[in-house]
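Visitor: I would like to go through this structure and hear the criterion behind each label. Please show it first.

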Amino acid sequence: MALFPAFAGVSEAPDSGSARKELDWLSNPSFCVETVTTLSQQAEEAAALVSEGSPLTRSPLKSELSDESDSNRNLRQASRKKKKEKKKKRKHQHHKKTKRKRGQSSSSGSELDTDSEKDKSPRGLRGGNRGPETLSQEKNAAAAAAGPRCVWLEDIQALTGETFRTDKKPDPANWEYKSLYRGDIARYKRKGDSCLGINPKKQCISWEGAPTGKKRAHKHVERYFTKKNVGLMKADGVAVSRQTDPPSSAPLSFIPVKDSDDVAPPVTTWLNPLGIYDQSTTQWLQGQGPSEQESKQPDSQPDREDALLKARVEEFNRRVRENPRDTELWMAFVAFQDEVMRSPGLYAIEEGEQEKRKRSLKLILEKKLAILERAIDSNPGSVDLKLAKLKLCTELWEPSTLVKEWQKLIFLHPNNTALWQKYLLFCQSQFSTFSISKIHSLYGKCLSTLSAVKDGSILSHPELPGTEEAMFALFLQQCHFLRQAGHAEKAVSLFQAMVDFTFFKPDSVKDLPTRGQGRSLQDGGVNLTAGRNPYLPALSGFRRTTKAESLPGAVPCGLAWSSSCLATLRALGPHLLHFSSTVSQCLSAITRPRSFLLRQLVEFFEPFWDSGEPRAGEKGARGWRAWMHQQERGGWVVINPDDDDDEPEEDDQDIRDKTLPRWQIWLAAERSRDQRHWRPWRPDKTKKQTEEDCEDPERQASTPPQEGASHGVLFDDIGQSLIRLSSQALQFQLIVAFLQFLGVPAGFSPPAACLYLAMDENSIFDNGLYDEQPLTFLNLSFSGVSCVGRTDQLGCRRWTRGHSREGEEFIRNIFHLVMPLFSGRERSQLCSSWLRYEIAKVIWCLHTKNKKRLKSRGKNCKKLAKNLLKEPENCNNFCLWKQYAHLEWLLGNTEDARKVFDTALSTAGSRELKDPEVCELSLLYAELELELAPDTRVATAARAVHILTRLAESSPYGPYTGQVLAIHILKARKAYEHALQDCLCEDRVSDPAATASLSRLVSVVKCFMLFQYLTIGIDAAVQIYEQVFAKLKGSLSPEGPGLEASACPPSVSSVLEAVTLMYTSLLRFHMKVSVYPLAPLRQALSEALRLYPGNQVLWRSYVQLQSKSHSASKTRRFFGAITRSAAPLEPWLFAIEAEKMRKRLVKTVQRVDGREVYATIPETGLTHRIRALFENAIRSEHGSQCPLLWRMYLSFLVSLGNKDRSKGVFYKALQSCPWAKALYMDAVEYFPDEMQEILDLMTEKELRVRLPLEELELLLED
């Protein structure tokens, strides 16, 4: 191959000049001498053409001639001529001679423009006739003419496609610059990224730098959610309508289709010979335009829509004029404005204003506000209209103005509990003005005002129905607010004070009102302010007879006390306790305290609270009443406790591993202190402790002001929140709520008004034992509300692990204190809750496989069960027998458990199916036998049939001896059928007998379904459920969350809910042990969830069932329908959980051994769908202030890796839930770099920080 491959095809010239000195560079063996000859000849010809001014052809490196026009050639030659002239000035004199020689031979080169083939032969002849000497001279001249720098490809005609040369002259600029001159670098275009001649399977080329090919303009495909397409979708569509036919007399059951004979034949003309053109096309062909009436036809449709809207507006105006007191009509008129503003032609004044008005949110708000103001003028007492106005003005007014309007509304309606609820939520969600102390005092003001309304102290506003229940709900909301903010000590102190204030009130002050309006009274120059003696407030109520007539509610008798006597009694009060008590009892008997006494009942409670005596849950607590009586007798006798009880528990170390990051150490220590320090700290006198022994001053319980306590739980923190509960049902719910607050599964859930505010942990998604044991799982029903002392990480499995040693002792003391206060069903429920709490801790030990702790806790649990059953009231308590037998079964003592069951059923006698507790006991026994190992299922099924058969017989129960005879099964089936019919036909009214009837109905249906399943099959059980469902659905009235809502007696709704839970559990068990379609279970769950959208157990079953399906469309449609129609938040939460489960499933499929692989199942936008669900849930009624929903949203965004958006969501969550400490702790975990800022924010908002960073630094140094 030649040195210059571009000249490899040129004919070879004689090699006579190769020995010359100036041609030594041609000694390269790969170079051919023919190249020089051809280069010399072509250079001479090109120079001759330039000198004579003849046009040169811009020929490519091939033999064909160019077809360019003469004008283009002249332009190119002119530019080349200028460049040549500049080069000639820099050359030597012998360049001019070479130019003349090329000028002489240019005449023959002028004919090259006509034919390329004719050009070759003369050039070849001329080159061949020259001698060696002439050839060498021409070579030198060509080299000099071409110059040392460049050769124009247009001046050379070659036969190949490769042309290049080597420049030997050094360039000094290479020393000054980092790269070659860009003009010296050849330009090229690379077609593709491959290379010819390589094996693509084994070799590849990595091209450096940017691709040289042109970037093709990639047109982005616009989706439906882009701004342009959203605008198109918002545009008004044209309604499609047909000509209305005259109505026929008979209704048509089908849509008639006209026959071709009924259609008129088309009119044919010379312009429309086939009759297929419409009228407008025919007019266009004739050169005519439409008439004026036809040109206005397209506007007829919007005109009709505007006319309809105007008619509706006029109708609303007419109706509100005729019925100005109809608040629902006013609210409908306000909601109608959204529809009106979608078609703003009604209010458009000039052209171009329609679009502006259509997109103006402020215009809609102002229009609604004007309507609401008119409505309020007509209905000044309507709270709903005023609330709607305040909600509307949230977008228009400043926060300060909004707060003032809320305060005015509260002042006008102090007796409206729903208004107080919304006002508290509004103040809690105002981040700019939020602080714990401010909201806590606001709760106290709310409860004290409602108590005054209930007691009759506020005469201007009467008590509304349901005030006491609403006050109790607000009290629970305050306790959970303090728990979530980290102030667990204050929350526990509130419950302690309410227990003493409600159940241990002294007899002498039972009839006093909760609060008065004053704290002192000047009587004849003597200040009757009470001292520390608890009886002087009663004495201050006495007046002298001379002023009795002038005082409202004066003492009707002639009893009078002089000022000196009062002063003496006040001074000697501590020494005359018995006498003063007698006097106070006498006075309370002869006076009317509701309208007369100005001192408050709460102030009677303050001396006891500040006395330092043990309170509810503390060791040695006896209550307020016992303390008052004992004070009359000279105080308590202090008994030294046993040494074993004083053995201190080893304190847990706050920092166990100092090598961890700083934020992890803080989180672990903070959670550890939250778990151990939730009880108020008080000095133990038996251990000679003082106030100075408390490491954390905020844990201290209240102390008298003279002792100088400035921290902890003071009486002022709880005094305003104390309320009177007169209903026995509410009093029992107070105890159950306190136990549930402490983590005891008492079967209580907060009321619907504050349930979603208290939800802060995701245990609602944890199936637990439900998957393993669908029939006998232990449903603890915590409803997503964390217990006191728990601030675990989101996603931790919720188990009843128990508290520390002191915490467990606190719970035991509560049970010992309150159980003597109740009897019958309430006492039985308390005992059952206590035993369930211990069983739950045993189950946790079983799952953690901690054998040492399992043995000790199992022993303590059995000891508790036996002690409870030894009490005379509990001998025939079958609920306790059931819990005890279940405990033995869980511990693996199957035979012992069977003995317990047999003993309990034997003591029941022949009650048949009339006792619900016996039915539940037999049902659990049969279910446990049925869920035994598969290899013994036949024998256990026979045992279960025996249990349910003997339950329906009139004879006493006997242990299992063998297979049950068919005749006994038939008799038992008849007995079940009769019992079911009797229960369904009974009339139910709201009395205790109806409660027992409903409980019996639930038990009978459950036992009958299981009996039919064991003896006939699953289809027979399905028939029983369908019969009961059809019977009870007609008289159904859903009542909130349903069965788990509270500890209230059952209703028809709760009966059907319990039956549905049993039915779904039975179907799940049957699908576990055999093959059965999913359709019956899916249908049953769908129907039940439409009735009970707040039932978490049903939602867990539904989500787990639908997660097995590959198609998510049905599930999404069902969730969409429920969320649009139901108020509870559970549908939103479980819809999000279902999508997250699907996303985890897809991610699992896309990974093999933890490595990324090609996606076999596309994600199909699951991430965006989950984010949209979160946003919609947050905009719902209860979602914006649910800490659990915000925690889930923040965790999901962090899992995606988008920290910026996650931080934005965190601060957005603080705008709605600034009190939730769990949100701040999640932020510390997700954003460790912002730890200092987050803790400063917590301190600013007065959230409880148990381990400040300064203390953490000291602990790390130690």
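**Labels and their criteria**

Guide: Residues 24 or more positions apart account for 68% of the contacts with a separation of 6 or more in the protein, a contact being heavy atoms within 4.5 Å. This is a predicted model, in which local features need pLDDT of at least 70 and side-chain atom pairs count only at pLDDT 80 or more, while totals for chains, interfaces and linings use all residues. Residues are numbered from 1 along each chain as its sequence is written, and side-chain values use heavy atoms, with hydrogens and water left out.

Visitor: What makes C1007 count as buried?

Guide: Buried means under 20% relative accessible area, exposed over 50%, and partly exposed in between, with a 1.4 Å probe and protein chains only. C1007 has a relative accessible area of 0%, so C1007 is buried. C861 is also at 0% and therefore buried. Across the 1262 residues of the protein, 47% are buried.

Visitor: Why is the aromatic pair of F495 and F738 called stacked?

Guide: Rings of Phe, Tyr and Trp (its six-membered ring) pair if their centres lie within 6.5 Å; planes under 30 degrees apart count as stacked, over 60 as edge-to-face and the rest as tilted. F495 and F738 are 4.8 Å apart centre to centre with 5° between the planes, hence a stacked pair. F495 lies in helix α20 (residues 488-503) and F738 in helix α29 (residues 728-741), so the pair ties together parts 243 residues apart in sequence. Helices here are DSSP runs of H or I with at least four residues, strands runs of E with at least two, numbered from the N terminus.

Visitor: And what makes the pair of F605 and F715 tilted?

Guide: The planes of F605 and F715 are at 40°, with 6.4 Å centre to centre, and the pair is tilted. F605 is in helix α25 (residues 601-610) and F715 in helix α28 (residues 715-718), so this pair joins parts 110 residues apart in sequence.

Visitor: How do you know that the charged end of K1245 sits over the ring of F431?

Guide: The criterion is NZ of Lys or CZ of Arg within 6 Å of the ring centre and within 35 degrees of the ring normal. The charged end of K1245 is 4.5 Å from the centre of the F431 ring and sits over that ring. K505 lies over the face of F501, at 5.1 Å from the ring centre.
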